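Here are a few notes on the backbone and one of the sheets, jotted down while going through the model. Have the structure open as you read.

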Amino acid sequence: MSDIRRVTDRIILHGYRRFLFSIRAKLVLAMTVLAGFTTLVLVLESSARMNRESWNAIEHGEAATLRLLAYQMAPAIEFNRKDNAADLINSLMANPDVKYAAVYDAKGHLFIQKARGINLKKTELARQFQHVKTRDVKGDIFFSVYPIYNPAGEVVGREVVGFSMKNRNEIRWENWAMGLGIGFLVMLGALVMALFLGGLLTRPIIRLRKIAAHIETQRDLKQRVPVKGYDEIAELTRTFNRMLERLDDAVVSREAAEAANQAKSEFLANISHEFRTPMNAIIGMTDLALDAEPSNRVREYLMDVKASANSLLCLLNDILDFAKVEAGKLVLDERPFNLLEEIEQSIRGLAFQAQEKGIEVICNISPELMQPVVGDKLRIRQVLVNLVGNATKFTEKGWILVKADVESVLETRIRIGFEVTDTGIGIPYDKQRIIFDRFTQADGSITRSRGGTGLGLSISSRLVSMMDGRLRVNSTPNRGSTFRFSVALKKYDDGQNDEMFPLDGKGRHVVVVEPLGPAARALERMLSYWGFSLNVVSTGKDALDALEDPQDDTGVPIIIFNHTLPDMTGEELAHKVKELYGEHPMCMMIPAFQREDMGDEPDFIHGILMKPVRWSDLWKTLKGIVDDGKEVQQHTNTLLLPKPKRNTTDHKVKVLLVEDNPLILKLAWLLLEQEGYQVESANNGLEGLQAFTKGQFDLVLMDVQMPVMDGYECTRGIRTFEETNHIPRTPVVALTAAAMAEDRQRCIDAGMDDYIPKPFDNQQFIKTIKRLLAKYQQT
């Protein structure tokens with residue numbers, strides 16, 4: 001029995017809660033409260049108004065009585081006729097509402113008074129009202145004072161009349177009772193009306209809710225809610241029905257939106273293709289020119305061209321990466337590389353622009369970074385290019401320092417910390433939190449005067465975050481900024497334990513003449529790594545003094561000096577050293593953009609070092625001096641620049657190259673010929689398919705975006721031809737500038753075997769081809 005009661009109570013409680021929190025209950029409560037409040041205000045206002053009107057009517061009558069009494073009382077006072085005054089008072093007292101009457105002469109002396117129901121001795125009314133000017137209330141009597149004038153208009157006395165408050169109080173309570181009665185009736189009517197309207201308004205809503213619940217559970221979009229009337233709820237119901245009818249339109253709209261996104265992706269892919277294809281030719285041809293063993297000066301120029309092209313490519317990546325970030329498709333491409341050389345190559349390309357503005361660019365890189373690592377080198381370079389580019393843009397004088405050190409080493413990972421410091425205009429404190437937001441820069445006016453999309457720092461921050469780091473800034477306005485970030489990279493063992501830049505500087509002394517402190521410290525770090533003893537000075541005079549008073553017996557010191565010194569030029573210092581101390585190994589450091597204006601250096605200057613000084617350049621120069629001028633081949637990391645191995649097999653590999661861009665066609669043809677491959681080309685997919693059906697090829701290099709027939713369709717045609725004629729599968733490698741994440745999968749789905757994105761690295765290009773050839777030769 002108790003269980004039944006609990007169930008019953010629960011049902012009642014549930015029903016009570018449903019009603020309590022229902023729209024109907026809220027509507028009834030709202031209407032009742034509103035009606036009650038309105039009724040209360042109306043009752044108060046109407047009762048007060050009726051009281052005022054009633055009191056005004058009473059006071060008007062009393063005033064008329066007072067005026068009449070004053071008119072009649074004036075002769076009695078003036079002629080001292082108290083008997084006439086008494087008759088007038090008695091006639092006034094005949095009014096049951098009059099409780100007291102008194103008359104005073106002009107001097108304020110009581111002339112006559114009379115009261116009913118009032119003890120004159122106790123109240124002493126005459127004395128109390130002797131100085132009353134207008135009116136007063138004593139107990140339940142309302143006293144009015146009125147002046148008495150003679151026919152000449154002179155005041156001859158005053159009259160004081162007391163009226164009973166009973167009539168006023170009765171009228172007041174009658175008015176309040178009437179107002180409350182009306183208010184109660186109005187409240188009752190409002191409650192009944194609220195209940196009726198609540199049911200009337202909520203019934204269609206309840207019906208609508210039931211149909212919506214049915215559609216949600218049964219997925220029955222054919223359901224419709226009956227509609228009656230033309231009010232808002234009826235319109236809501238019609239809207240709901242129209243919504244059900246237009247769900248198919250929503251599906252069409254969604255497909256249209258997907259098509260728009262696809263069009264956006266295709267547009268970005270086209271932009272990527274148009275930029276990356278000529279960039280591929282610039283970088284690739286530059287690499288070929290470097291392989292042709294040019295002179296040192298030409299090599300420097302070509303290296304600068306390559307670094308600048310890579311920097312321009314990184315700027316393009318900012319735009320494309322933004323689209324990837326928005327779509328959540330930004331991924332890292334982790335491969336082995338040498339971080340030290342990547343940093344130096346990146347900064348060398350940017351230093352030229354900064355040096356033209358008179359800004360010194362300095363690299364201070366730890367020798368611990370000579371070891372190979374695994375990571376996305378292009379993304380690290382992209383972050384550095386953005387930070388150094390911004391520093392160049394917002395620095396008018398001074399220097400930019402790029403510093404890289406090992407922060408921590410774990411079993412399989414290594415964390416590298418970077419700093420980019422400048423002496424520029426700095427960033428206001430209130431802007432330092434927003435500069436990493438997209439499309440945001442520290443100052444709108446600066447944006448207009450210095451350019452920029454506002455994407456670089458935002459994308460850089462995301463890239464650093466993806467590499468398990470965080471990009472931060474510390475800046476002081478008008479004093480410069482420092483951007484810091486760290487990345488976690490994987491260790492890589494390439495099986496080579498050789499030192500990258502082997503040099504024994506022990507027993508040799510170096511005098512460094514560098515006026516700029518950060519640049520001097522960077523050189524000191526490099527030279528100390530090789531074991532040289534150092535003497536770092538900032539002026540030419542200090543350098544001569546150091547040579548005059550050597551501090552150790554380490555033989556003839558090596559002099560490395562800056563081209564521009566506070567007290568003399570670099571050439572002047574070199575001539576003075578030769579004049580005073582004879583032959584000394586001397587190296588002069590100059591900005592890269594001034595190399596063309598230098599002409600031929602004097603014979604007694606053993607080398608020219610381009611700023612920022614790189615490890616490889618300094619090593620090569622010092623190696624030649626330490627080894628007594630013997631020819632030195634620059635040590636290279638085979639991981640970075642593997643020497644191409646010529647094809648020595650009896651079978652000459654035949655490659656079909658399908659490419660519509662003549663520059664890329666020429667570059668790929670030259671690379672393939674260097675490997676001893678036989679190349680046949682086609683300018684579009686249709687020509688490529690026809691060439692494939694007529695000949696036998698070991699490999700097909702397929703551009704994706706071509707006229708007449710694209711690479712996807714051509715590859716599908718090749719696979720169909722192979723299946724129809726039972727021909728072994730020929731590896732097809734895509735050559736495409738498409739940069740989105742889904743492009744690689746699209747190539748695989750079309751039947752291609754690998755994917756080489758443009759711009760491709762020459763060595764990686766050949767490496768991919770050899771790997772595929774070896775794989776298919778084994779099968």
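Predicted model: local features only at pLDDT ≥ 70, side-chain atom pairs only at ≥ 80, totals over all residues.

1. Start with Pro612, which sits in the loop between β17 (607-611) and α18 (615-626).

2. Next, have a look at Asn80, in the loop between α2 (23-78) and α3 (82-93). Its phi is positive, about 60°, although Asn80 is not a glycine.

3. Asn478 also has a positive phi, near 70°, and isn't a glycine either. You'll find Asn478 in the loop linking β11 (472-476) and β12 (480-491). Is Asn478 buried or exposed? With a relative accessible area of 67%, Asn478 counts as exposed, because the cut-off for that is over 50%.

4. Now the sheet. It is an open one of five strands, ordered β19-β18-β20-β21-β22, with parallel pairing. At the edges are β19 (678-682) and β22 (754-757), each pairing on one side only. On average, neighbouring strands here are turned by 20° against each other, direction ignored.

5. What packs on this sheet? That's helix α20 (residues 685-694), which touches β18 (654-658), β19 and β20 (699-703). The direction of α20 makes about 160° with that of β18.

6. Strand β21 (residues 732-736) is joined to β22 by four bridges, and the two run parallel. To find your place along this pair, look for Thr736, which stands opposite Pro757 in β22.

Definitions and conventions: Residues numbered from 1 in each chain as written. Heavy atoms only, no water. Pairing = 2+ DSSP bridges. Axes fitted to C-alpha atoms, helices over the stretch in contact; angles between N-to-C directions. Contact = heavy atoms within 4.5 Å. Buried < 20%, exposed > 50% of the residue type's maximum accessible area, 1.4 Å probe, protein only.
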